[in-house]
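Okay, thanks everyone, I'll keep this short. Let me put the structure up, and then we'll walk through it together.

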Number of protein chains: 2
Amino acid sequence: MKKRALGPCVTFFPQPTTMITSIGLDGDVNIMTASWAGIVSKTPPTMAVSFNHNRLSYNNIRQTGEFVVNLVPTGLATEADLCGIRSGRDLDKAQLCQLKLEAAQQVSPPLLTYSPLNVECRVTQELELGEYRLVLGEILQIHAAEQAFDEHPNGDARCFDPLVYLGGIREYWSLGEKVADAYQAGKILLPGQA
Amino acid sequence: MKKRALGPCVTFFPQPTTMITSIGLDGDVNIMTASWAGIVSKTPPTMAVSFNHNRLSYNNIRQTGEFVVNLVPTGLATEADLCGIRSGRDLDKAQLCQLKLEAAQQVSPPLLTYSPLNVECRVTQELELGEYRLVLGEILQIHAAEQAFDEHPNGDARCFDPLVYLGGIREYWSLGEKVADAYQAGKILLPGQA
């Protein structure tokens, strides 16, 4: 396969599209889109989200120590994009995008109602990385769309309909088809399994 | 939207499917599948990958301070799954899966030839998180499939054909359709743009 050297850059994908909800000491809720977000430990369950240190959401999270990671479904692509390119210092993004919010169980920032997966987190530590801050949060509670479990014990991917972000390419995509079952498909390659 | 509380767990997606290449002090190359991988800073370009501390790949990376993150295309789903469920201590996964390797430019672990995106990293720091270790690596060089740039200046997502992992659901999926352009689609919601 012929390849092109891109040099050191941040072209990497696929990534999740998430909206992070946080709340300032003034009680104002902010919503910020983030794709540098993921699981980093199971003991205890922990998420990491990277923020530019100038972000209002980062400031809120430093003050309160709490945030919610809300998975973005394809139907909210336009709203998610807006919440990534404008600051909550300049406009009320929840109001502009008509995003409905509801109370979380264990943290003060709200859940995004139309998100099919909400992850409530409490900050455990942070790391300074140049202009960015990697914030680690222990997962306290996860809420998932009930409908996804009607016929699939682990959840039906089509019900979640997650918006996939392609960093570097700068595009949002939907999921296509299921390719394989994890922890299962590879066994066929083991000696004696063919 | 009716929701179900899952409790604190690691159900979160979409995630990238990557194969991490590393090399031990004995010169043996190991390949490990990881989905807890992502960009965490642009200053300098940095990736983070989380490993169970018992993993051979983590041991290799501690010894050499270098690793490569190889994006998995849908065509390598079976091989990627195998490289996630078996240890390099028990078998030579590159050989079993007939995975071709080639030299990297700036680090000693090799690139996975059939991966359309290879990210060469040098370790800058690590974080202990229970049984896991979050390893941060500065991105030194990225190699991308040349063909992806024939008609798309930022790269054609269909050429990369990334395998999307759904953690919790435990399934691998392909990409479907482009939903929107990032840094662009949301502008229509701004006052005066409708």
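Let's start with a pair of residues: A:Pro16 has A:Val164, in β12(A), as its bridge partner. Before I go on, keep in mind that this is a predicted model. That bridge belongs to the pairing of β2(A) with β12(A), strand residues 164-167 of chain A, which is antiparallel and runs over 3 bridges.

Now zoom out from there. Which strands make up the open sheet, and in what order? There are 6 of them, and the order goes β2(A)-β12(A)-β13(A)-β13(B)-β12(B)-β2(B), with antiparallel pairing. At the edges sit β2 (12-16) of chain A and β2 (12-16) of chain B, each pairing on one side only. From one strand to the next, the twist averages 40 degrees.

Okay, on to how the chains touch. On chain B, 87 residues are in contact with 87 residues of chain A. Which strand gives the largest share of chain B's side? That's β13 of chain B, residues 171-181, with 11 residues. If you sort the chain B side by class, you get 52 nonpolar, 22 polar and 13 charged residues.

There's another cross-chain pairing to look at. β11(A) pairs with β1 of chain B, residues 3-5, in the antiparallel sense over 3 bridges. Look for A:Ala144 there: its bridge partner in β1(B) is B:Arg4.

Last stop, the helices. In α1 of chain A, residues 56-64, the buried ones are A:Ser57, A:Tyr58, A:Asn60 and A:Ile61. Looking down the axis of α1(A), those buried residues fall within an arc of 160 degrees, so they line one face of the helix. Just after α1(A) comes A:Gly65, with a positive phi of about 70 degrees.

Over in chain B, helix α1 (residues 56-64) has B:Ser57, B:Tyr58, B:Asn60 and B:Ile61 buried. They cover an arc of only 160 degrees around the axis, which puts them on the same side of α1(B). Following α1(B) is B:Gly65, whose phi is positive, near 70 degrees.

That's what I had, so over to you.

How values were computed. Residues numbered from 1 in each chain as written. Chains lettered and ligands numbered in written order. Predicted model: local features only at pLDDT ≥ 70, side-chain atom pairs only at ≥ 80, totals over all residues. Buried ≥ 20, exposed ≤ 12 C-beta atoms within 10 Å, placed from the backbone. Helix = DSSP H or I, 4+ residues; strand = E, 2+ residues; numbered from the N terminus. Arc of directions from axis to C-beta. Pairing = 2+ DSSP bridges. Axes fitted to C-alpha atoms, helices over the stretch in contact; angles between N-to-C directions. Contact = placed C-beta atoms within 7 Å. Nonpolar A, V, L, I, M, F, W, Y, C, P; charged D, E, K, R; others polar.
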